[in-house]
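Me: I would like to go through this structure with you, starting with its pockets and moving on to the sheets and helices. Could you keep the answers plain?

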Amino acid sequence: MTYKEALKEKGYSISRSSMGDLEKDTFTAIEGSSFIYCTHGLATLEVNMMEYTLRPDSYISIPDDSLVKVTSRTNDFSCIRLTYSKDIGLSASMGLNMDTMHNIFVHPFNQLTDSTTISMLLNLLNALADYFNLPNLSHHSDFVMGLIRNLFIAVADVSAASRNDALQSAVFTSADSYFLNFIKLLNQHCCQQHDVAFYADKLSITPKYLNEIARKTANRTAKDIISKFIVARIKRELLISGNSVQRIAYDFNFCDQSSLGKFFKKATGMSPVAFRRSHQ
């Protein structure tokens, strides 16, 4: 069962993984939120234009619909990969303080050194993995929700502590904050809004300053980042929606199918139809 099939059937998926489903050096819009805990080897990922290197006993939390690209991976890389749907995430976090969930994604990456924390997280993940392989028992849903909820709380506490350390070290700047909010806005609006000016206005800064922030943080222009988000979403639509290219052009606010085709071919080197056929 693939993780996408598991998401539809159970609302979550957990397994040992090499993340081989992610094509190297190609951005993919990930379905569901993910928690990835590295157990062996090394892998460098770009998540929403930010680069992270996973080593043993490090983890990363990736929000739903993020852009993810594997830039390098050792042959022995292995991780425990938990992916969960929006419904599962909402149910498991019900009643938790807003700051608890905020901390998970504000400081998404951590390298753990404390043996107790490592053991606690691995025990939670292993229990989820064991239960995933059991038949659906009468209290399956309650048990899974409880484990994922406890994982949220544990990760939020670790992330909050790391964030406090980072703040004390002056690692986070106003530019970092603007960039994170830019990525959040892109997740919400990139299908309809393609202009840098729209996002700059939402952030109450000038387009020029947003470009400076993008170049400083991700070594790309803001327009390039917007385009990469749009291309990844279009790829996902072409592969999973079954909608016509004309319909996708309408949904993504292109004036016609030809405009979408030119944009997509410039970014990928192939037409939307050719891309769809190459992956069937």
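Me: Which helices and strands each supply at least two residues of the lining of the largest pocket?
Reply: Please note at the outset that this is a predicted model. The elements are strand E5 (50-54), strand E6 (58-62), helix H2 (86-93), helix H3 (98-106) and helix H6 (174-189).

Me: And which gives the most?
Reply: H6 does, with 6 residues in the lining of the largest pocket.

Me: What volume does the largest pocket have?
Reply: The volume of the largest pocket is about 1000 Å³.

Me: How many residues line it, and which lie nearest its centre?
Reply: The lining of the largest pocket comprises 31 residues, and nearest the centre are Ser33, Pro63, Asp64, Phe105 and Lys184.

Me: How does that lining divide into nonpolar, polar and charged?
Reply: In the largest pocket, 17 lining residues are nonpolar, 10 are polar and 4 are charged.

Me: Now the second largest pocket. How much space lies in it?
Reply: The second largest pocket holds about 700 Å³. It is lined by 24 residues, with Lys4, Asp21, Thr28, Leu239 and His279 closest to its centre.

Me: Which elements each supply at least two residues there, and which gives the most?
Reply: Helix H1 (3-10), strand E2 (28-29), helix H9 (222-240) and helix H12 (272-278) each supply at least two residues of the lining of the second largest pocket. H9 gives the most, with 5 residues.

Me: What about the residue classes in that lining?
Reply: The lining of the second largest pocket has 10 nonpolar, 6 polar and 8 charged residues.

Me: Changing topic: what is the order of the strands in the open sheet of 5 strands?
Reply: The order is E1-E8-E3-E6-E9, and the pairing is antiparallel. Strand E1 (12-17) and strand E9 (109-111) are the edge strands, each pairing on one side only. On average, neighbouring strands of this sheet are turned by 10° against each other, with direction ignored.

Me: How many bridges link E6 and E9?
Reply: E6 and E9 pair over 3 bridges in the antiparallel sense. As one example, Ser58 has Gln111 in E9 as its bridge partner.

Me: Which helix lies across E1, E3, E6 and E8?
Reply: Helix H4 (residues 115-132) lies across E1, strand E3 (33-40), E6 and strand E8 (78-84), and runs at about 115° to E1.

Me: And the open sheet of 4 strands, what is its order?
Reply: Its strands follow the order E2-E7-E4-E5, again with antiparallel pairing. E2 and E5 stand at the edges with a single partner strand each, so one side of each is left without a neighbour in the sheet.

Me: How many bridges are there between E4 and E7?
Reply: Strand E4 (residues 43-47) and strand E7 (residues 67-73) pair over 5 bridges in the antiparallel sense. Glu46 has Lys69 in E7 as its bridge partner.

Me: Back to H9. At what angle do H9 and H11 pack?
Reply: H9 and helix H11 (residues 257-268) pack at about 105°, with their axes 11 Å apart. Angles of 65 to 115 degrees count as roughly perpendicular, and H9 and H11 are therefore roughly perpendicular to each other.

Me: Which residues meet there?
Reply: From H9, Ser227, Ile230, Val231, Ile234, Lys235 and Leu238 meet Leu260, Phe263, Phe264, Ala267 and Thr268 in H11. By class, the contact of H9 with H11 has 8 nonpolar, 2 polar and 1 charged residues.

Terms used
Residues numbered from 1 in each chain as written. Predicted model: local features only at pLDDT ≥ 70, side-chain atom pairs only at ≥ 80, totals over all residues. Heavy atoms only, no water. 1 Å grid on protein atoms, 1.4 Å probe; cavity = no way out; pocket = protein on both sides within 12 Å on 5 of 7 lines; lining within 4 Å. Points joined across faces, edges and corners; volume = space filled by probe spheres on them. Nonpolar A, V, L, I, M, F, W, Y, C, P; charged D, E, K, R; others polar. Pairing = 2+ DSSP bridges. Axes fitted to C-alpha atoms, helices over the stretch in contact; angles between N-to-C directions. Contact = heavy atoms within 4.5 Å. Parallel < 35°, antiparallel > 145°, perpendicular 65-115°, else oblique.
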